[in-house]
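Could you walk me through this structure, step by step?

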Amino acid sequence: MAGASKNSRTTVATQKFFCPCGGEISMKTLFEKGRLRNMAECQKCKRVERRPKDFK
């Protein structure tokens, strides 16, 4: 009996993060000083952090 491959069994789940102010956090990529930087920004209060976990 052949089973399904490991890659076909995985599901894609997007995780939504929320700021304490109630806004949704989105990830943005910025090009600064010759580097790509990922920044998390709240849509409501425009607070910017390095990653979504830092909003707690």
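Here is a walk through the structure, from the overall layout down to single residues.

This is a predicted model, in which local features need pLDDT of at least 70 and side-chain atom pairs count only at pLDDT 80 or more, while totals for chains, interfaces and linings use all residues. Residues are numbered from 1 along each chain as its sequence is written, and side-chain values use heavy atoms, with hydrogens and water left out.

Let's begin with the layout. The protein has 1 helix and 4 strands; these are DSSP runs numbered from the N terminus, with helices being H or I of at least four residues and strands E of at least two. Read from the N terminus, the elements follow the order α-β-β-β-β. The accessible surface is about 5,100 Å², and 51% of it belongs to carbon and sulfur atoms; such areas come from the Shrake-Rupley method with a 1.4 Å probe, and for residues only the protein chains shown count as cover.

Now to the sheet. The 4 strands form an open sheet in the order E1-E2-E3-E4, with antiparallel pairing. Its edge strands are E1 (17–18) and E4 (48–49), each of which pairs on one side only. Two strands pair if DSSP finds at least two bridges between them.

We can follow the sheet strand by strand. E1 is joined to E2 (residues 24–32) by 2 bridges, and Phe 17 stands opposite Ile 25 in E2. These two strands form a hairpin with 5 residues between them, where Gly 22 in the turn has a positive phi of about 105°. Finally, E3 (residues 35–42) pairs with E4 over 2 bridges, and Ala 40 stands opposite Glu 49 in E4.

What lies inside? Buried residues make up 18% of the 56 residues, where buried means under 20% relative accessible area, exposed over 50% and partly exposed in between (1.4 Å probe, protein chains only). In soluble globular proteins, nonpolar side chains tend to be buried together. Here the largest nonpolar core has 5 residues: Cys 19, Ile 25, Ala 40, Cys 42 and Phe 55. Such a core is a set of buried Ala, Val, Leu, Ile, Met, Phe, Trp, Tyr and Cys residues joined through side-chain atoms within 4.5 Å.

Two core members are cysteines, Cys 19 and Cys 42. How many disulfides does a search of the whole structure find? The search finds 0, a disulfide being a pair of cysteine sulfur atoms within 2.5 Å. For Cys 19, the nearest cysteine sulfur is that of Cys 21, 3.7 Å away. For Cys 42, the nearest is that of Cys 45, 3.5 Å away. Cys 19 counts as buried because its relative accessibility is 6%, and Cys 42 does so at 0%.

Our last stop is Glu 41 in strand E3. Is Glu 41 buried or exposed? Glu 41 is buried, because its relative accessible area is 17%. Its side chain makes a polar contact of 3.1 Å with that of Lys 28; a polar contact is a pair of N or O atoms within 3.5 Å, and within protein one must be able to donate a hydrogen and the other to accept it, with residues adjacent in sequence counting only if both atoms are side-chain atoms.
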